[in-house]
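Please walk me through this structure, one feature at a time. I have not seen it before.

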Amino acid sequence: MSQETGSDSDSEDHSISGVLGHEPGTPRKRIVGPAFKAVFQFAKFMITLPITLVRGRRGKIEEVTVYSAHPSFFLWLLIAVGFASSAFVARYPREAGLFGWIYVWVLLYFLVMLMYDISARKLGLWTLIFALIWLGSKYVEHIKNVAVLGSVFEYLADLKPEFDVGTATALSWLLLLPWIGSLLHMALNGRKRFTPNEIGEFHFGEGSELTDRTGLRFRTRYRDVLETILTFGGGDLIAVDNHQNVIKRWDNIVGLYFVWKDLDRVLHQRAAVVDLGEEDAVSVQR
C-alpha cells in the first residue's frame, strides 16, 4: 500500500511539473527550435521570392506564408546603390559627378519615403503639377525671355556634387548592420501564416498567436508607392468584421501584390468549407 501511494504521489508531482513547464530543457527547446525553423523558412521565402515575383506559384496551395517588413528593411536601396556606385567609380573615376547626382537623388527618394505617404493618386497629381509648372516656365522663358526655372537648374548644375567612394562605402557598411537586423526581425516576428481556418503568427521569445478567420474580410491597401517599390510590390493587409471595424492590420507585407492571388484562393477555400458545412447540416436535419 505504501509503495502504491508513493508511486501515485510521484506521478502526480511529475504531471504537475509537466503542466507548469518545469521539465529541464523544455523551455529552451520551445524557444530555440521555433526560432531556427522561422529563420529557415524566411531564408527559403527570400530565396524563392524573385521566382515568385516573375513566374508566380503553381499547384494547389492550402496555406500562404508572408512576412511583414521592418522599417529598416528599406535601407537595402542605399546599401546597394552605395556599394555598386563605389565599385564603378573606383574603376572609372571620371564618372564621379554622374554617380554623385545618382546618390543624391536616391537619398532624396529615401527621405521622402520616410516622411510622406505618397499614394498613386498623390503621385499622379504631383507629377501633373510639376509638369505644368515646368511647361509654363519653358513657355515664359521662350516668349518673354525671362529665366524662371532655368536659373534654378543652372545653380544646381554649378554645385557639381561628386561621389566619394570612401564615404559611401563606409556608410553602406554601417547601414548593413541594421538591415541584417531587419531580416532577423522579419524572420522571428514578422511571419504570418494564412490557412483556410486561421491566421498564425510567431513572436520570438513570446509564443504564437492564432486568429480565427470566421467573420473576417480582408482588404489590401497600397498607401505609399515608394514603399511598395522597396518591398517588391508590398502593401498593407487589413482584416475587418461585418461592421467594417478593423480587427487586425499587417503593414508592409513583402510582395503582397504578387501573392494576393494565393491569399484569395485560401480565403475562397474557407468559404467553400463553410458552405459545404451548412449544406451537410441541412441534409442531416432533413
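Phe194 is buried, and Phe218 is buried as well. Keep in mind that the model is predicted. The rings of these two residues, Phe194 and Phe218, have centres 6.1 Å apart and planes at 80°; planes over 60 degrees apart count as edge-to-face, so this pair is edge-to-face. Phe194 sits in strand 2 (residues 191-194) and Phe218 in strand 5 (residues 217-221), so the pair links distant parts of the chain, 24 residues apart.

Phe194 also pairs with Trp250. Their ring centres are 5.7 Å apart and their planes stand at 75°, so this pair too is edge-to-face. Because Phe194 lies in strand 2 and Trp250 in strand 7 (residues 246-253), the pair ties together parts that are 56 residues apart in sequence. Trp250, like Phe194, is buried.

Elsewhere, Phe73, Trp76 and Phe232 form one aromatic cluster.

Now turn to the helices. Helix 3 (residues 76-91) packs with helix 4 (residues 96-115) at an angle of about 175°, and their axes are 11 Å apart. Angles over 145 degrees count as roughly antiparallel, so helix 3 is roughly antiparallel to helix 4. On the helix 3 side, the contact is made by Leu77, Leu78, Val81, Gly82, Ser85, Phe88 and Val89. Helix 4 contributes Ala96, Phe99, Tyr103, Val106, Leu107, Tyr109 and Phe110. Sorted by class, the contact of helix 3 with helix 4 has twelve nonpolar residues, two polar ones and no charged ones.

How values were computed:
Residues numbered from 1 in each chain as written. Predicted model: local features only at pLDDT ≥ 70, side-chain atom pairs only at ≥ 80, totals over all residues. Heavy atoms only, no water. Axes fitted to C-alpha atoms, helices over the stretch in contact; angles between N-to-C directions. Helix = DSSP H or I, 4+ residues; strand = E, 2+ residues; numbered from the N terminus. Parallel < 35°, antiparallel > 145°, perpendicular 65-115°, else oblique. Contact = heavy atoms within 4.5 Å. Nonpolar A, V, L, I, M, F, W, Y, C, P; charged D, E, K, R; others polar. Phe/Tyr/Trp six-rings, centres within 6.5 Å; stacked < 30°, edge-to-face > 60°. Buried < 20%, exposed > 50% of the residue type's maximum accessible area, 1.4 Å probe, protein only.
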